[in-house]
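Please look at the chain shown below and follow its strands and helices with care. The questions after it go through the fold step by step.

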Amino acid sequence: MTVHHQPASPPEERLPEELPDRRRLPEERGRMLRRRWLTAVIIVLLVGIPAGYLVISAGQSRESGIDKERESSAAGLQDNWPSLMKRRVFEVPVPAGASGVAYYETSNWKTSRLYVQFTTTATGLDTFLAESGTGRAALTPGRITVSDRDADIVGWTFPDGLSWSGTTVDREDPRPSTDLTVDLTDPAFPRVFAVSTTSP
């Protein structure tokens, strides 16, 4: 009689993590402290650097407008007509035939300004004022509406002894407001100084 022996089943395999690890020793205190210190440093770098960057970039964005004004003011007024688009955006309708036209633009995070000067005729001044939304009656004799700050930026001076008149054209936001100062010493050829300010 032949007895059939079933092959012995292989011993249960144990997963590596189930095997006892007699070689594992408690973590040394020095190694644990180094690991915790490294973790803390990584967290500080991951959180602190972006936060610091945001603070610095916010400060730089505020100062960038001032820097742009300083850089641009070094160039000063450009002896040229501002583009048609600039004249439309800032609502400074320089009359046809004007001479001595020059302009300068500044822009920062808070406001944008267009400085324009030109000489025109008596009729050209009336046309300019009408298209700006005002008229001669609004010009106050002896009034200089361009601020000292704005005058300094472009190097304008308004000396005594000349016939100055000025007005400010206020418009509803977001349209610009415009300070107009006119030299009427020679009424046939008035000289206009305009500063148009808009807040984007």
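**The sheet and its surroundings**

Q: In what order do the 6 strands form the open sheet?
A: In this predicted model, local features need pLDDT of at least 70, side-chain atom pairs count only at pLDDT 80 or more, and totals for chains, interfaces and linings use all residues. Residues are numbered from 1 along each chain as its sequence is written, and side-chain values use heavy atoms, with hydrogens and water left out. Strands are DSSP runs of E with at least two residues, numbered from the N terminus, and two of them pair if DSSP finds at least two bridges between them. The pairing is antiparallel, and the 6 strands of the open sheet follow the order 1-2-6-5-4-3.

Q: Which strands stand at the edges of the sheet?
A: A strand with a single partner strand has one side left without a neighbour in the sheet, so the edges are held by strand 1 (99-107) and strand 3 (140-141).

Q: Which residue in strand 6 does Gln117 stand opposite?
A: Strand 2 (residues 112-119) pairs with strand 6 (residues 191-198) over 8 bridges in the antiparallel sense. In strand 6, the residue opposite Gln117 is Phe193.

Q: At about what angle does helix 3 run to strand 5?
A: Axes are lines fitted to C-alpha atoms, for helices over the stretch in contact (heavy atoms within 4.5 Å), and angles run from 0 to 180 degrees between N-to-C directions. Helix 3 (residues 122-131) lies across strand 2, strand 5 (177-183) and strand 6, and its angle to strand 5 is about 165°.

Conventions: Helices (H or I, at least four residues) and strands (E, at least two) are DSSP runs, numbered from the N terminus.
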